[in-house]
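Welcome! Have a look at the structure, then try each task before reading on.

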6 protein chains.
Amino acid sequence: MSTVTPPANPEADPRVKAIFDDIRQIRGNDFINNVWRYLAFDPALLEETWRDVRDVMAKPSAIDFKTKEMIYAAVSIANSCDYCVHSHTAAAKARGMSDAEHAELLRIVSTAARTNHLLNAIKPPIDEVFDLSE
Amino acid sequence: MSTVTPPANPEADPRVKAIFDDIRQIRGNDFINNVWRYLAFDPALLEETWRDVRDVMAKPSAIDFKTKEMIYAAVSIANSCDYCVHSHTAAAKARGMSDAEHAELLRIVSTAARTNHLLNAIKPPIDEVFDLSE
Amino acid sequence: MSTVTPPANPEADPRVKAIFDDIRQIRGNDFINNVWRYLAFDPALLEETWRDVRDVMAKPSAIDFKTKEMIYAAVSIANSCDYCVHSHTAAAKARGMSDAEHAELLRIVSTAARTNHLLNAIKPPIDEVFDLSE
Amino acid sequence: MSTVTPPANPEADPRVKAIFDDIRQIRGNDFINNVWRYLAFDPALLEETWRDVRDVMAKPSAIDFKTKEMIYAAVSIANSCDYCVHSHTAAAKARGMSDAEHAELLRIVSTAARTNHLLNAIKPPIDEVFDLSE
Amino acid sequence: MSTVTPPANPEADPRVKAIFDDIRQIRGNDFINNVWRYLAFDPALLEETWRDVRDVMAKPSAIDFKTKEMIYAAVSIANSCDYCVHSHTAAAKARGMSDAEHAELLRIVSTAARTNHLLNAIKPPIDEVFDLSE
Amino acid sequence: MSTVTPPANPEADPRVKAIFDDIRQIRGNDFINNVWRYLAFDPALLEETWRDVRDVMAKPSAIDFKTKEMIYAAVSIANSCDYCVHSHTAAAKARGMSDAEHAELLRIVSTAARTNHLLNAIKPPIDEVFDLSE
């Protein structure tokens, strides 16, 4: 059950077709997953979202691809986004995340959640040594 | 302003002293930051929390130390934990995170938050290809 | 799968019947959606919840009905409440939200989420000019 | 206390100067608030963030400026972003939000939070009538 | 720094005075804490909020007063509400929460946060035996 | 749909069998719910998680068992963890939570969410009297 109606024939719209073609080319395969099919209900929103995600996640940068997907999955877990947890866990696996690294990721995310709540409860003063603003 | 009273002389309690000694030894310096000083209001809670964090973050494992701190910081951002964002950003820097990697981390965290909210709003069906349970 | 048992014949309880009647009258139709049917497991909780929602959402006030439902949907997205996202997106549509406005709402919600996470990470000092407390 | 060092003389960098000039021109005044000064630690991140926010918030679109800022503030409240709550409440006021509309906004946001948590607890089945995907 | 201006002389407004008097009488002392002073910027919002909180928290009910405040504090921690964590931890202490119970509360909240994130990541199917909807 | 593959025959691994036996013995019945079956994909993560949860939730301590499960459920609601809301509501019922106490729990959780959002929006200064750090 979704809150938007995906177009029946999305690529009839040339703006949508251009984005789908870019997705296919960057990924090297023909599969278009649902997030893009549903976002096609508004071609401008589809364009902006794909460009954001592509520029951050699909271009070489300071952090390698596998680690980027693991960070993305970690944030998606904390934000309770079902679709995102599934798609970015799968993407991290596709980028080479092993089962041991997956278990380790879950260990870090859940331990962080534990201390996040503990410190949101206790509210110790933040040590001056952590000030990185110079 | 905190919700607990840190003990004036925490190391008078041998359980607290043992944990503080372990922190100093593992980190190779004498600084004990406030989270541990405040958690000392309940020595058992201090012990459990330190052991959890130490076992996950201070021991060699499938993911390198710098990346672990970056993932920890990412989750702390999503959970709005001020103390944790400051301490784990500082820890990631101490483990070698460059300014470029820090900017990249923020880019991933904020882009993930954007799509997390977008997909929590649209609720597209989760593609079968993301099912990793088989 | 729910955590409560909705009563088989809720309107046998006069307090539930009174609330259901009020819902029908205010909405001008006979449909009672599941949130009210399930809350009927505790008539007092049903009464309080309906009165809260009715007073805020179904009475003329400083903000028009369509905008109120859009704000309600935005908060529900940020809080990851599936039922609420579905019901208040539908309500906003029923109040006149166009597809273009829906796309725009998602654009604002997701951009806000992006900068929310970015600023929770960077923690710049809050400018004095934003102090509205005099 | 921030996690990044804002450059002492940000406009020495021509990319930063171009963004600051754009901010000044669009707003019609000379004030640059801290979020942009701190984001200048990474000019690319500053550019992306400003362009995102400007395109969504500072251009005429399907939703009027005051309502856009009110929705942005609502999401920032739900995401516990201090800086964003302050800056977007101030922006909504600058766009014409009255005290009565502000109180009404808070009424909607807090009532939504109440039912969000209630329905996340009860989990009633989502009524088929809310399915907008067809 | 607040987003609203508290009235300089709140009790000049008879609606505000009536609420402040009710607060004083129920609590048996003269102290009015800041939440009520700031909410007085909109007397109707003050009335609704106080009545909600009073009816749930200050009247005898199925759960004793100390436990109610501990549950309220737990939710406030999870929602990252600074003011609420401070005020409801103090209220729980005033209702008799011991240091040992406080430490235990933090242990439960932080362990729950740990498994919450873990299960939001793993997404095991929910066992049929947990269905309480009959 | 899950993000991990539960082992087909988990108790073939002696570490998993030891944990499952401990679960059965402490609960006094043979049922192993899905969270443990899925966590068995990584025996070390299973061990750590079970030990954490068991030590906090299944041992006599300062807070009684029913109240502990109610607090756990409250946090799970605020963190939007479906599995946890279902399992800990069921556990609280098994520990003796009545329907009236369940309704009361929901009343507290949802009222707390309401004021949490309200105060995250208004940001009144935290009263000095709430400082428990001295």
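## Exercise 1: Where chain B meets chain A

To begin, 60 residues of chain B are in contact with 60 residues of chain A, two residues being in contact if their C-beta atoms, placed from the backbone, lie within 7 Å. This is a predicted model, where local features need pLDDT of at least 70, side-chain atom pairs count only at pLDDT 80 or more, and totals for chains, interfaces and linings use all residues. Residues are numbered from 1 along each chain as its sequence is written, while chains are lettered from A and ligands numbered from 1 in the order in which they are written.

Task: find which helix of chain B gives the most to the side that touches chain A.

Solution. 
- Step 1. Helices are DSSP runs (H or I, at least four residues), numbered from the N terminus. On the side of chain B that touches chain A, at least two residues each come from helix 2 (34–39), helix 3 (43–57), helix 4 (65–78), helix 5 (82–94) and helix 6 (99–122) of chain B.
- Step 2. Helix 6 of chain B gives the most, with 18 residues.
- Step 3. By type, this side of chain B has 33 nonpolar, 17 polar and 10 charged residues. Here Ala, Val, Leu, Ile, Met, Phe, Trp, Tyr, Cys and Pro count as nonpolar, Asp, Glu, Lys and Arg as charged, and the others, Gly among them, as polar.

## Exercise 2: Chain A and chain E

Task: what relation holds when chain A is laid on chain E?

Solution. 
- Step 1. Chain A can be laid on chain E by a turn of 180 degrees and a shift of 0.0 Å along the axis, with an RMSD of 0.0 Å. Such copies are superposed by least squares on the C-alpha atoms of residues with pLDDT of at least 70 in both.
- Step 2. That is the relation of a two-fold axis.
- Step 3. In chain A, the C-alpha of A:Arg114 is nearest the axis, 2.4 Å from it.
- Step 4. The same surface serves both copies, as 100% of the contact residues of chain A recur in chain E.

## Exercise 3: The side of chain A that touches chain E

Task: which helix of chain A supplies the largest share of this side?

Solution. 
- Step 1. Here 16 residues of chain A are in contact with 16 residues of chain E.
- Step 2. Helix 4 (65–78) and helix 6 (99–122) of chain A each supply at least two residues.
- Step 3. The largest share, 11 residues, comes from helix 6 of chain A.
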